[in-house]
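Student: Before we look, I would like to learn how to read the surroundings of a ligand and then the faces of a helix.

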Amino acid sequence: MIYDIINSFLKKTDPEVAHNLAIRILKNNFLPINKFIKKPEKILSSANFGIKFTSPLGLAAGFDKNGEVYNSFFSLGFGSVEVGTITPKPQFGNSKPRVFRLSEDRAIINRLGFPNDGVEIIKKRLINNKAEGILGINIGPNRENSEKIEDYINLFNQFKEIANYITINISSPNTEGLRNFHKTEKLKTLLLEINNANKTNKIPILIKVSPDLQEEDTEGFCQILVEQKVDGVILTNTTNTNRNNLINMNKSEKGGLSGFPLFKLSNEKIKKFYSLIGDKLTIIGVGGIFDGETAYEKIKCGASLLQLYTSLVFEGPFIASKINQELSYYLKKDGFKNISDAVGIYNK
Ligand SMILES: Cc1cc2nc3c(=O)[nH]c(=O)nc-3n(C[C@H](O)[C@H](O)[C@H](O)COP(=O)(O)O)c2cc1C
């Protein structure tokens, strides 16, 4: 009841104000979360890039940008939380307003541009608050630094002993030039340097990919990932496309589109990547997951792990627990003993 009231209030408030309020509520443990949450069933547990996940469902990057509330999300049933995107120096991001809720479309458009507290503050915060689950750290360059690889390496070195995995974000549409790392030569140079920095630690490395990667560039892109022994790909970030069928008047706002209108587009990417390199690395499916059915669809397309963001905004804090239960139900109904057995069945 109290959750419904808070949720409907947050949905009527400016999206960024609501987000900051939600962070504050979670940070101060105002709500007795644990009382309502069921543990994920065993059928959902799986091992990926050397790490055991009790639930496939993770919180996508962007919600806990500053690493303040990840332990609350583990309590809410998320198997992993990806904090960030974190840049070397603190930055404010683009001018406000820069987040738009498109309720009728079950979507969000954002052009935040990586506002965050920067590596120094966030690193201290993470060290002082031990993660009670799998903690991914998503890194990206400062807007004003043209030497973007330098920023990635600096961040990688700072976080390689703290994170369970590190995500190299090359796909936000709101930082100029970032998506150029989808070009094979640039990607290769970046990954060679990352691998060089990772020689002693061998921490799993994931790449977060744009849904706007062109079909004809996908094979070359995948080849580099395999050559450079990347552990996983996150498919996908937000899109610059798909505006035509939207209803809400915010549809023309500049920025990345997430939520339901991204669902099919990201699934197509998952299927394509799975058919090309699904046996060589882990695919994390993200984009428009709202319930057990949409989560299951991504698994069948080829994702071993999942993430969400937008549905948390629309559906509230129990979304992970609900999806865990529904997903277990669908897997059992189809006769699967473990989630891993359902991965990529569309391609088999
Ligand atoms: C408000 C907002 C901020 C985001 N910030 C980041 C970010 O900082 N880094 C990142 O890699 N992805 C970011 N994302 C993208 C999400 O992590 C996710 O890839 C995308 O929203 C698709 O998932 P969804 O449809 O479940 O939201 C953000 C998304 C939203 C809606």
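Student: How do the residues of the shell around the ligand divide into nonpolar, polar and charged?

Tutor: A residue is near a molecule if one of its heavy atoms lies within 4 Å of it, and Ala, Val, Leu, Ile, Met, Phe, Trp, Tyr, Cys and Pro count as nonpolar, Asp, Glu, Lys and Arg as charged, and the others, Gly among them, as polar. Here the shell divides into eight nonpolar, 14 polar and two charged residues. This is a predicted model, in which local features need pLDDT of at least 70 and side-chain atom pairs count only at pLDDT 80 or more, while totals for chains, interfaces and linings use all residues. Residues are numbered from 1 along each chain as its sequence is written, and side-chain values use heavy atoms, leaving out hydrogens and water.

Student: Which side chain has an N or O atom 2.8 Å from an oxygen atom of the ligand?

Tutor: That side chain belongs to lysine 65; for asparagine 138 the corresponding distance to a ligand oxygen is 3.0 Å, and for asparagine 169 it is 3.2 Å.

Student: Which residues of H11 are buried?

Tutor: An α-helix has 3.6 residues a turn, so residues three or four places apart point the same way. Buried means under 20% relative accessible area (1.4 Å probe, protein chains only), and in H11, a helix by DSSP (an H or I run of at least four residues), the buried residues include Ile319, Ile323, Leu327 and Leu331. The buried residues of H11 pack against elements including helix H9 (292-301) and helix H10 (310-315), with contact meaning heavy atoms within 4.5 Å.

Technical notes: Polar contact = N/O pair within 3.5 Å; in protein donor to acceptor, adjacent residues only side chain to side chain. Buried < 20%, exposed > 50% of the residue type's maximum accessible area, 1.4 Å probe, protein only. Helix = DSSP H or I, 4+ residues; strand = E, 2+ residues; numbered from the N terminus.
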